[in-house]
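Notebook open, model loaded. I want to go through some strands, a helix and the charged pairs.

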Amino acid sequence: CIGDYLPIHYGTKADFISYGAVTFSYSDRAMKVLREIIFIGRLEKENAIEEYLAAIKLIRAKYRLSVTFVGDGQYRRQAVRLGRVTGMVADIKPYLNRPAAILAASYLTIWEALAANRPVFSLYQNQLKKDYLEKFPAANAIHISGSAEELVEQFKRPKKTKAILPTWKQVAKTYLKLWQKR
C-alpha cells in the first residue's frame with residue numbers, strides 16, 4: 001500500500017507500506033528568511049484548496065509575502081487573485097530552491113520540500129486525509145492542520161525540517177521483497 005491510512009479506511013491488509021521517496025537532495029543550508037508562500041498541487045476541492053486559499057489570504061496580508069501556485073485546476077481563478085499561478089510544471093526543484101514556505105498535501109511533494117529544508121504546511125478536510133498526513137513517517141517534521149486558522153497559527157512558529165528521507169533504492173528493495181513473496 002502507498003500509505004498506512006489505507007488499511008484503516010479500506011480494510012485492506014498490506015504486506016508492505018510505502019510512502020515514495022526523494023529524487024534529489026539539497027545542501028544542509030537552511031533558509032533564514034521566508035520570502036514567499038508556494039502551494040504545490042492541484043487546485044481542486046479534494047485538496048482542501050478552499051482552506052488553503054483562506055489561509056494564504058490571511059498569511060499574505062499579515063506577513064506581506066508573495067504567493068505562487070504551482071499547479072492548476074478548477075480554483076485557478078481564485079488562486080490568481082492571490083498570486084501567480086504557473087499551471088502544471090515538469091520540475092518543482094526551481095520552486096523548492098526559493099526561500100519559501102511550502103503548502104502541500106501529497107507525499108512526494110512533502111518529501112521533496114523536506115529534502116530542500118523548507119517548512120511544510122498541510123491541510124486536511126476529512127478524517128481520511130487527516131490519517132493520510134498523521135501516519136506519514138515524517139509527520140513530526142511538518143505542520144498538519146484542519147483549518148485555515150490553525151495553519152495561520154502554525155505559520156508563526158515553523159518547525160525544523162529535519163527528517164530521515166527515503167531513497168528510491170529503498171523503495172525498489174521493498175518492491176523486490178514483495179515480488180519475492182509471491
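First thing I looked up: which residue in E2 does Phe39 stand opposite? Phe39 faces Phe69 there. Before going on, I note that this is a predicted model, where local features need pLDDT of at least 70 and side-chain atom pairs count only at pLDDT 80 or more, while totals for chains, interfaces and linings use all residues. Residues are numbered from 1 along each chain as its sequence is written, and side-chain values use heavy atoms, with hydrogens and water left out.

**Strands.** I find E1 and E2 running parallel, joined by 5 bridges; strands pair if DSSP finds at least two bridges between them. Helices (H or I, at least four residues) and strands (E, at least two) are DSSP runs, numbered from the N terminus. From E1 the chain passes through H2 to reach E2, a right-handed β-α-β crossover (with the strands pointing away from the viewer, the path from the first strand over the helix to the second runs clockwise). E2, residues 66–70, has 4 of its 5 residues buried (under 20% relative accessible area; exposed is over 50%, partly exposed in between; 1.4 Å probe, protein chains only). E2 also pairs with E3 (residues 84–85), parallel again, over 2 bridges. Phe69 has Val85 as its bridge partner in E3.

**Helix H7.** I checked residues 148–155 and got Ala148, Leu151, Val152, Gln154 and Phe155 as buried. Seen down the axis, these fall within an arc of 160 degrees, so they line one face of H7 (the arc is that of the directions from the helix axis to the C-beta atoms). They pack against E1, H2, E4, E5 and E6, contact being heavy atoms within 4.5 Å.

**Charged pairs.** I count 6 salt bridges (a side-chain nitrogen of Lys or Arg within 4 Å of a carboxyl oxygen of Asp or Glu). One of them joins Glu36 and Arg98 at 2.8 Å, N to O. Glu36 sits in E1 and Arg98 in the loop between H4 and E4, so the pair ties together parts 62 residues apart in sequence. Buried or exposed, I asked of Glu36? Glu36 counts as buried, at 7% relative accessibility, whereas Arg98 is partly exposed at 27%.

I also noted Lys45 with Glu50, closest N and O atoms 3.7 Å apart. Lys45 is exposed at 53%, Glu50 partly exposed at 41%. Last, Glu153 meets Lys156 at 3.1 Å, and Glu153, Lys156 and Arg157 are linked in a network of salt bridges.
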